Amino acid sequence: MSKPIRGNFARDLLRGRSDPEATGRIVQNVTQLTGLDPALVRRLGRRVDSRTFLREIRRDDGTIGRVYDSNVTAFDPFPWSPQQRSNDPLLDALVAPTTSAAVDFITREVGWKTDARFRPA
């Protein structure tokens, strides 16, 4: 009976770059789990961050997936850039209306008035 993949995967990670066979298995596993190009996984040191995954998994159709649900996508405004330069596609679309609602609530309902500019986090 074989050991679970996560046990072998963790062992290969601990072996590091000094073991070419372990490196190859890591690239194969990450590629299988993510659907990303093996050359990209190898170039990234076998560790793929979420922003890179959300951009690269849909690079062919020029869209970026959301952090909270990668099936919700928007067009990548900077498809030629080597790195993702945009934020979450849905959250970006919500900044203006939620900022307006927050300013309205704070000034009308709470009664707090200021000349300072409201900047959403």
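**A salt-bridge network and its surroundings**

Good morning. I begin with four residues: D12, R15, D19 and R25 are linked in a network of salt bridges. A salt bridge here is a side-chain nitrogen of Lys or Arg within 4 Å of a carboxyl oxygen of Asp or Glu.

Two remarks on the basis of this talk. This is a predicted model, in which local features need pLDDT of at least 70 and side-chain atom pairs count only at pLDDT 80 or more, while totals for chains, interfaces and linings use all residues. Residues are numbered from 1 along each chain as its sequence is written, and side-chain values use heavy atoms, with hydrogens and water left out.

R15 meets D12 in a salt bridge with an N to O distance of 3.6 Å. Both residues belong to helix α1 (residues 5–15), where they sit three residues apart, about one turn of the helix. R15 also forms a salt bridge with D19, and there the closest N and O atoms are 3.9 Å apart.

How is D12 classed, buried or exposed? D12 counts as buried because its relative accessibility is 3%, the terms being buried for under 20% relative accessible area, exposed for over 50%, and partly exposed in between, with a 1.4 Å probe and protein chains only. R15, at 39%, counts as partly exposed.

The total for the protein is seven salt bridges. Another one of them joins R108 and E109, at 4.0 Å from N to O. Both R108 and E109 are exposed.

I turn now to the overall architecture. The protein has five helices and two strands, taken as DSSP runs numbered from the N terminus (helices H or I, at least four residues; strands E, at least two). From the N terminus on, the order is α-α-α-α-β-β-α.

The radius of gyration is 21 Å, whereas a compact globule of 121 residues would have one near 14 Å. This radius is taken over C-alpha atoms, and the globule rule is 2.2 Å times the number of residues to the power 0.38. The C-alpha trace spans about 65 × 30 × 25 Å along its principal axes. Of the 121 residues, 23% are buried. Where contacts (heavy atoms within 4.5 Å) join residues at least 6 apart in sequence, 17% of them link residues at least 24 apart.

Next, the surface. The protein exposes about 9,100 Å², of which carbon and sulfur atoms supply 55%; accessible areas come from the Shrake-Rupley method with a 1.4 Å probe, and for residues only the protein chains shown count as cover. Which residues form a nonpolar patch on the surface? They are V67, Y68, V72, L90, L91 and L94, with about 540 Å² of accessible area together. Patches consist of residues with over 30% relative accessible area and no salt bridge, nonpolar side chains (Val, Leu, Ile, Met, Phe, Trp, Tyr) being joined within 5 Å and like charges within 9 Å. Y68 lies in the loop between β1 (63–65) and β2 (73–75), and Y68 is exposed because its relative accessible area is 64%.

Finally, the aromatic rings. Rings of Phe, Tyr and Trp (its six-membered ring) pair if their centres lie within 6.5 Å; planes under 30 degrees apart count as stacked, over 60 as edge-to-face and the rest as tilted. By this rule there is one aromatic pair. The partners are F78 and W80, arranged edge-to-face, with 5.9 Å centre to centre and 80° between the planes. F78 is partly exposed, since its relative accessibility is 23%, while W80, at 62%, is exposed.

Thank you.
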